[in-house]
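Hi,

Here is the structure for you to look through. My notes on its salt bridges follow below.

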Amino acid sequence: MESSWLAVLESEFEAPYMQSLKQFLRKEKDAKKTIFPNSKEVFSAFNYTPLSQVKVVIIGQDPYHGVGQAHGLCFSVKPEIAIPPSLVNIYQELQADLGIAIPKHGCLIPWAKQGILLLNAVLTVEQSKAASHQGKGWETFTDRVIAILNEQPRPIAFVLWGSYAQRKGSVIDESKHLVIRSVHPSPLSAYRGFFGSRPFSKINKFLIETGQMPIDWSLPQREKIAEFCE
């Protein structure tokens, strides 16, 4: 884990809940179950976006559970993987909001490198079993992450799509930070308030008003994305 995050989270790794989570993950692997993302990518969100650089937080639920999809950033997939439906809808709203062309890949690493923490509430999942690692301890860990972000002196934009993320963000001080809420971008709910919510322009307006650089939401084309994924 990146050093600035490790400095504030190191004690969490020794806590009883985390020891229990480690034991659970070890047993799952010993049982030859396939866990996503791979162990080197579990903390990718933190490694791409150091604590001091966080300007925006997007909270997801748990990793994609299909082969090759999850790589440690919520809503993101590697360039060669088909774009998941929720991300398709995110791109559609981005185009409607800011006029940005829809990318032909789903890799959001360039967003992460600009200060967008793409944080899932649960950081691992068993292959083909959505939500299989919920209630095992990750939620406690990511609650602590959100609490640390809430304590930062600089204003941060928190994006809470769906009721799960909204419950997760209940501790955020809205007198200091921006909180954007809507239904989830999933095809099951996007037409009930996600489309037309214009989160991207709202975030940039907030960043400019608080003296921060706005996000360049455009993404490189597929043939150029590899240089951003280092």
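E174 is partly exposed, at 44% relative accessible area. Here, buried means under 20% relative accessible area, exposed means over 50%, and partly exposed lies in between, using a 1.4 Å probe and protein chains only. The partner of E174 is R181: their side chains meet in a salt bridge, 2.5 Å from N to O. R181 is also partly exposed, with a relative accessible area of 42%.

This is a predicted model: local features need pLDDT of at least 70, side-chain atom pairs count only at pLDDT 80 or more, and totals for chains, interfaces and linings use all residues. Residues are numbered from 1 along each chain as its sequence is written, and side-chain values use heavy atoms, leaving out hydrogens and water.

Why do such pairs form? Side chains of opposite charge can pair when their charged atoms come close. The rule used here asks for a side-chain nitrogen of Lys or Arg within 4 Å of a carboxyl oxygen of Asp or Glu. That gives 8 salt bridges.

Next, look at E28. It pairs with K33, with the closest N and O atoms 3.4 Å apart. E28 is buried, at 11% relative accessibility. K33 is partly exposed, at 33%.

Then go to helix α8, residues 199–209. Helices are DSSP runs of H or I, at least four residues long, numbered from the N terminus. K205 and E209 both lie in this helix, 4 residues apart, about one turn. They form a salt bridge, with the closest N and O atoms at 2.6 Å. K205 is exposed, at 52% relative accessible area. E209 is exposed too, at 55%.

Best wishes

Notes: Helix = DSSP H or I, 4+ residues; strand = E, 2+ residues; numbered from the N terminus.
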